[in-house]
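Open the model in your viewer and get your selection tool ready.

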Amino acid sequence: MGTQISVMGVGVDLLTQETLQDRLREYLSNDYLNVVHVISIDFLETDEKKDGIVAAFQDADLVIPGETIILTKHHVDVLEAGDMVVKYLDVVRALEKAGLQGKKCYFIMRTKSEAKAIYTLIHRQHWGCECVGIYAADSDLSEEALVNDINAKVPDLIYLGLERGTQEEFILKNKSKLNAKLCLCIGGIIPLILREHPYVPQFFEILHLDKVYTKIIRFPVTQDRK
């Protein structure tokens, strides 16, 4: 079972890791899109919360703390001892146990470098899931073309990592249009993830071997379209 607490005016869900696993497993078997936001303190501490952000959180199936600092006023040490979800690594473990073998995933990120880094981190988990598309917001692909590409590839899981506001408005606007089962909104914790798990193979870029590297790890970037 879970409960919800208010953190800086945002309802945040407190779940045991077992409950989160069950929820994710359920979401991945549904015939409609479920949305889970994994949030950071930076997403909550800004002076102004746009209506679209508040509406997106309210419309979400779950809003989960991505770092323990969010819960400092709620006895985070006790929560951790009780096997509660208090950080993004708990979500990673829940995803692994929920079962991604044979599932298809799609990445929507801010930049090509972030897309490559996050894809590589997920790829290294060896969950047995297949990446069917990667989109970077710094490309020329239109939002309509992106939605069409997602629907053509029918992913089970979408990793959504855009700028604050842009991310929430995108999923709120397109939730009913997307042919997928689960969308994990992780834009707020990407900086934290990249700090803790830096992406390093720079020599491939220096030697202009980017295409060779992407072929080695099967990095399927959605092509820019004008």
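**Stop one: helix 1 and helix 5**

Select residues 17-27, helix 1, and residues 88-98, helix 5: their axes come within 8 Å and cross at roughly 55 degrees. Helices here are DSSP runs (H or I, at least four residues), numbered from the N terminus, and axes are lines fitted to C-alpha atoms over the stretch in contact, with angles from 0 to 180 degrees between N-to-C directions. That angle makes helix 1 oblique to helix 5 (under 35 degrees is roughly parallel, over 145 roughly antiparallel, 65 to 115 roughly perpendicular, the rest oblique). The crossing is right-handed (the near helix is turned clockwise from the far one by less than a right angle).

This is a predicted model, where local features need pLDDT of at least 70 and side-chain atom pairs count only at pLDDT 80 or more, while totals for chains, interfaces and linings use all residues. Residues are numbered from 1 along each chain as its sequence is written, and side-chain values use heavy atoms, leaving out hydrogens and water.

Now show side chains: Gln17, Leu20, Gln21, Leu24 and Arg25 in helix 1 meet Asp90, Val91, Arg93, Ala94, Leu95, Lys97 and Ala98 in helix 5 (contact means heavy atoms within 4.5 Å).

**Stop two: helix 7 and helix 8**

Next, select residues 143-153, helix 7, and residues 166-174, helix 8, which pack at about 60 degrees with axes 12 Å apart. This pair is therefore oblique, and its crossing is right-handed. Finish by picking out Glu143, Leu146 and Val147 in helix 7, which meet Phe170, Lys173 and Asn174 in helix 8.

Conventions:
Helix = DSSP H or I, 4+ residues; strand = E, 2+ residues; numbered from the N terminus.
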